[in-house]
Amino acid sequence: MPLLDIGANLTHESFHPDLDAVLQRAQAHGVMRMVVTGASREGSEHALALAKAHPGTLFATAGVHPHHALDYDDATDAVLRELALQPQVRAVGETGLDYNRNYSPREVQLRVFERQLQIAADLQMPLFLHQRDAHADFVALLRRYRDRVPGAAVHCFTDTGEALRDYLALDCHIGITGWICDERRGTHLRELVRTIPANRLMLETDAPYLLPRTVRPPPSHRRNEPMYLKHICEEVARDRGESAEVTAANSTATAEAFFGLVEAA
């Protein structure tokens, strides 16, 4: 069953020399389509350019990550709205809150997050969301907009069972990465992933970050890439007590519906 990687940072400089080979390896491992994450104004423009260059294989999101919230201005807002109207762009984001590093002041993050929530509401587009160490503020703001947007995906979920229940209560989708393969900090996800309904579970690599630590033999490098989504799928399937084929089929169908890619299958 073909897989769909809902979050790959293919605009990252580490992919510049060999992106075509990366895409070929992904498809050789069953990862036929990927959504390229836009995390800044320039990154979102680049994500769209990649999607246009690889029609039917790459799609994009358009947004500003909380790390870059200080760079958000009216011009950025206008650019994101223009990008979001392109057919290759399938969600607003990556947007949200990150109180772990606070590269941007919290009050700025909140303001910029709300502006992007408004874009999604105005254009009736789903959200591609980031949250780290900011659950209470994140949920409070998301709750105000949730019934005004068609969908919301909490990307790279690594949080607690309580947070997961809050997201599911808001009818959010949940993105699971190779974090689940990290014996140092991700073991709690192996239990939690069983509780995510099949029609809310999606898979992603977050490449080039979060190379699964359970890949054997371990690669000589630390760069993650979409080809390893197959390994993540197998790990998630084991934890859910189902076959990898079932996990792949369900997560792909869920992602197709969320991003409106059924017609692109």
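The legends below describe close-up views of a predicted model.

Local features are given where pLDDT is at least 70 and side-chain atom pairs at pLDDT 80 or more, while totals for chains, interfaces and linings use all residues. Residues are numbered from 1 along each chain as its sequence is written, and side-chain values use heavy atoms, without hydrogens and water.

**View 1. The open sheet has eight strands in the order E1-E2-E3-E4-E5-E6-E7-E8, with parallel pairing.** Strands (E, at least two residues) and helices (H or I, at least four) are DSSP runs, numbered from the N terminus; two strands pair if DSSP finds at least two bridges between them. Strand E1 (3-8) and strand E8 (201-203) stand at the edges with a single partner strand each, so one side of each has no neighbour in the sheet. From one strand to the next, the twist averages 30°; angles run from 0 to 180 degrees between N-to-C directions, and axes are lines fitted to C-alpha atoms, for helices over the stretch in contact.

**View 2. E1 pairs with strand E2 (residues 31-36) in the parallel sense, over four bridges.** Leucine 3 has valine 31 in E2 as its bridge partner.

**View 3. E4 and E5 form a parallel pair over five bridges.** Glycine 96 lies opposite histidine 130 in E5. The chain passes from E4 through H4 to E5 in a right-handed β-α-β crossover, that is, with the strands pointing away from the viewer, the path from the first strand over the helix to the second runs clockwise. Five of the six residues of E5 are buried, meaning under 20% relative accessible area, whereas exposed means over 50% and partly exposed lies in between (1.4 Å probe, protein chains only).

**View 4. E5 pairs in the parallel sense with strand E6 (residues 152-154) over three bridges.** Phenylalanine 128 is opposite alanine 153 in E6. Together with helix H5 (residues 135-145), E5 and E6 make a right-handed β-α-β unit.

**View 5. Helix H3 (residues 74-84) packs with helix H4 (residues 106-123) at an angle of about 35°, their axes being 11 Å apart.** In H3, Asp74, Asp77, Leu80, Arg81 and Ala84 meet Arg115, Gln116, Gln118, Ile119, Asp122 and Leu123 of H4; contact means heavy atoms within 4.5 Å.

**View 6. Arginine 165 is found in helix H6 (residues 161-169).** Arginine 165 is exposed, with a relative accessible area of 56%. Between arginine 165 and histidine 67, the separation is 98 residues in sequence and 26 Å in space, C-alpha to C-alpha.
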